[in-house]
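Please keep the sequence and the model in view while reading.

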Amino acid sequence: MTKHLEQEAAPPIAGEEREPNLRWWDGFTISLAIPAALFIGMGAAIGAIGGWTALVILATVATIACLQNFIYSEVATMFPRMVGGIAAYANEAWRRRSTIVGPLAAFGYWFAWSSSLGVYGLQIGYLAQAQWFPDQTWSFSTGLADVGFPHIVGLGVMIVGWALNVVGLRLAMWVMYVTGAILLVPVLVFALAPFFSGEWDINNLQWALGDSGFPGWQTFIAWAFVLAWTVFGVEAVSSFTPEYKKPVSDTRRALRVSGIFVLFVFILVPLGVGGLAKREDVIADPVAFYLGLFDKLMPGGSLIVTVCLIAGLLLMMLMTYADTGRVLEGSARSGLTIKQLGVTNRFGMPARASTLDLIFNIFLIFFVCGALAIVTAGITGYILCHILALSGFLLLRKDRPKRHRPVKLSRIWVVIASVLLGIDVVLFVIGLASGEITGYGGPREIIIAVFVLALSLVLFYIRRVVQDRKKFVWRDPEPLTAEDRGERDPEAVGSLFPSEVSSAPPRAE
């Protein structure tokens, strides 16, 4: 299915040096955060459309995410020194046709991920309140939102996540190892134990697409649009490509293993939970109902599952800080946004970008009602980023067919990418127009998304015209490089990829 070359030496990162010290299992550990997002959105879906429907939708979006990861493995290894993940790849592919695609992709991606930090913090606060502090029901008003105990807890964990990221990824990775291992407990329990417990009942799984009052196909797409953010994020492991010791083999394995893992999780966990929970219980409390389910499988297990879910949400926050920081850093280095966001601290971390994430989310949880609704606004830009990245893969195949591809997918993947691109466009258009079905999204969220995307263009203009003192252009006239034409310099290549010089031509897998 693919052709590849092993790449034994990691290339240097442009700008300030950041030591490449990650391996593919570090990328996989980072992806363990994705099941934590599943526990946020799955309950609402089961309550609204039934267990069977939620299972099919989650399995569908997980399959799409897994296939997208395979496609991104080719593009990521084409540009192993590029910071910024799929948003950067979209810009690289599109910039000769349109310079505004890069900032739109970057800020669409950043806003979706960054705005979720407040949600993760609040979820941790609600779980802690339900388990240990049920009497802490006090609140006060900031004038725009009511703030209570969960908000204070959320603020605390957001600060902890920020601090772990700005002092270096290695320390954060050790925390991710621990929290990832803890999160695997409820994942494995809910994926396997229900079928042996005697409590699992297939009658608890229901088809309820018609409950929305809208056509079934529209309801399916609307919920797929909302739930896509819980699994499409598995591509985030590509944002760390320059930091892998073996950027080709580590990136390929991290993307593919992570994609396959979440595919199984997003099938088995909804199946186990859906058959274990009564729909009316899920509707009553779509977040904390997991505590009662765990008690069915393991008496007294509500404490365990609370700790595990909190660990998973903390892992999600750490990954989000690390990912969004690198996207903004890469965007600044590529000239897509203001220079200040591309500065790293003495640890080589994008501390300014992470600080922006922290301040932005403090504002969300203390002054904006309905933080989850803000996330749905972010989904708009995130799906748009995937559309631009997938179309970028097709453009790179067309515009730069001779460029060296350490991982080269077979021709059938061009067809698969085209189909996935069409699916993402449908999700984007229909999902954006169907917010009333899920309760997440509407005119306000569309306006927010448009504002953020428009802001990205303003910052791009400031960077190019004011800071770089260049003329604003709609297309980048820069010609193809020698590498794009397939004219590789053996000495230059050898300095970056020693094994590519001595190895025989890549073989088909």
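Predicted model: local features only at pLDDT ≥ 70, side-chain atom pairs only at ≥ 80, totals over all residues.

**A walk through the model**

Leu 268 lies in helix α11. Is Leu 268 buried, partly exposed or exposed? Because its relative accessibility is 30%, Leu 268 counts as partly exposed. Together with Leu 188, Leu 192, Phe 195, Phe 196, Ile 260, Phe 264 and Ile 267, Leu 268 makes a nonpolar surface patch of about 770 Å². The elements that contribute two or more residues to this patch are α8 (169-192), α9 (194-197) and α11. Which of them gives the largest share? That share, four residues, comes from α11.

Helix α11 also takes part in covering another element. In helix α13 (residues 289-297), the buried residues are Phe 289, Tyr 290, Leu 291, Leu 293 and Phe 294. Their cover includes α11 and α8, along with α2 (34-49), α6 (116-131), α12 (279-284) and α14.

The loop that leads from α10 (216-227) to α11 (247-276) contains Glu 235. This residue is buried yet has no salt bridge. How far away is the nearest side chain of opposite charge? It belongs to Arg 326 and is 12 Å away. Side chains of opposite charge can pair when their charged atoms come close. A salt bridge requires a side-chain nitrogen of Lys or Arg within 4 Å of a carboxyl oxygen of Asp or Glu. The side chain of Glu 235 does make a polar contact, at 3.0 Å, with the side chain of Tyr 109. Apart from neighbours within four places in sequence, Glu 235 is in contact with Tyr 109, Asn 69, Tyr 72, Ile 86, Trp 113, Leu 255, Tyr 382 and His 386.

Elsewhere, charged side chains do pair. How many salt bridges are there? The count comes to 12 salt bridges. One of them joins the side chains of Asp 399 and Arg 97, with an N to O distance of 2.3 Å. This pair links distant parts of the chain, 302 residues apart: Asp 399 is in helix α16 (residues 371-399), and Arg 97 is in the loop between α4 (85-94) and α5 (101-114). Asp 399 is partly exposed, because its relative accessible area is 27%. Arg 97 likewise counts as partly exposed, at 31% relative accessibility.

A further salt bridge connects the side chains of Glu 329 and Arg 333 (2.8 Å, N to O). These two residues are separated by about one helical turn, because they are four residues apart in helix α14 (residues 302-333). Glu 329 counts as buried, at 0% relative accessibility, whereas Arg 333 is partly exposed, with a relative accessible area of 27%.

The side chains of Asp 468 and Lys 339 also meet in a salt bridge, at 3.7 Å from N to O. Here again the pair links distant parts of the chain, 129 residues apart. Asp 468 is in the loop between α19 (443-467) and α20 (490-496), while Lys 339 is in the loop between α14 and α15 (351-367). Asp 468 is partly exposed, with a relative accessible area of 24%, and Lys 339 is partly exposed, with 41%. Finally, salt bridges that share partners join Glu 92, Arg 95, Arg 400 and Asp 476 into one network.

Key: Residues numbered from 1 in each chain as written. Heavy atoms only, no water. Buried < 20%, exposed > 50% of the residue type's maximum accessible area, 1.4 Å probe, protein only. Lys, Arg positive; Asp, Glu negative; His and termini not counted. Polar contact = N/O pair within 3.5 Å; in protein donor to acceptor, adjacent residues only side chain to side chain. Contact = heavy atoms within 4.5 Å. Patch = residues over 30% accessible without salt bridge, like charges linked within 9 Å, V, L, I, M, F, W, Y side chains within 5 Å. Areas by Shrake-Rupley, 256 points an atom, 1.4 Å probe, with all protein chains shown as cover.
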